[in-house]
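Please look over the strand pairing and the aromatic contacts in the entry below; my notes follow it.

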Amino acid sequence: GDSLLYFKTPSIGSKNGDGFTSMSEIPLANVSSGFYTESQNVTLNVKSGTIYYTTDGSKPTKYSRVYNGETIKVDKNMSIRAVTYDGDKIPSETVTYNYFINSPDYQHPVIKISVKDSDLFGSDGIYVNYQRDDEKEINLSFYENGVEQFSVDCGLKIFGAYSRTFTKKSFSVHFRSEYGTSRLEYPVFGDDGLQSFNKLVLRSGSQSLYTTD
């Protein structure tokens, strides 16, 4: 008609379905993602709409736990993932807050993967079915000196050939528009290295088991 609407999924070559008049606001947490020496009391806030959230690493949906203003006590390493639904507005992007409690003083950058446990280790998970080319949606966050540098939803696969059979496996991370962004823009290998990626490999160093001093 004569309306301007948002569409969550492109309908290239097909008639547009029902659209959304505007976008819901992203839930905000009172405590930033990061490393803490003691437990934290986290609350979520949004001006309007209903917040749905998870604490098991899974991506929240309208069927997840409803946030009713309670304090979420974080006394161990935890990811709080949240989304807002607000009437006839398009749902917000999913936001992921990562908390590290009493973690070691890491000397190297830290990569945090937030994902539903069964997507990794369940009967249909990629760890169990390592010979398949399955991909699971995750959130990947990167920390340097305890500060979050990026947090992005992307895809995760098992990587490698024979090394797939090892207990300690490698992963490939895929940035796709269906998850939110088709490329990661960040100097992962320093300012002199590549700064734009559609895929990264997280190598486990599993072949090191053949090396002896």
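1. Strand E5 (residues 50–54) and strand E8 (residues 78–85) are joined by five bridges and run antiparallel, with Thr-54 opposite Arg-81 of E8. Strands here are DSSP runs of E with at least two residues, numbered from the N terminus, and two of them pair if DSSP finds at least two bridges between them.

2. This is a predicted model, in which local features need pLDDT of at least 70 and side-chain atom pairs count only at pLDDT 80 or more, while totals for chains, interfaces and linings use all residues. Residues are numbered from 1 along each chain as its sequence is written, and side-chain values use heavy atoms, with hydrogens and water left out.

3. Both strands belong to an open, mixed sheet of five strands in the order E2-E9-E8-E5-E6, whose edges are strand E2 (34–36) and strand E6 (65–66), each pairing on one side only.

4. In one of them, Tyr-36 and Tyr-99 have ring centres 6.4 Å apart and planes at 45 degrees, so the pair is tilted. Because Tyr-36 lies in E2 and Tyr-99 in strand E9 (residues 95–101), the pair ties together parts 63 residues apart in sequence.

5. The charged end of Lys-169 sits over the ring of Tyr-130, 4.3 Å from its centre (the criterion being NZ of Lys or CZ of Arg within 6 Å of the ring centre and within 35 degrees of the ring normal). Lys-169 also lies over the face of Tyr-127, at 5.3 Å from the ring centre.

Definitions and conventions: Helix = DSSP H or I, 4+ residues; strand = E, 2+ residues; numbered from the N terminus. Phe/Tyr/Trp six-rings, centres within 6.5 Å; stacked < 30°, edge-to-face > 60°.
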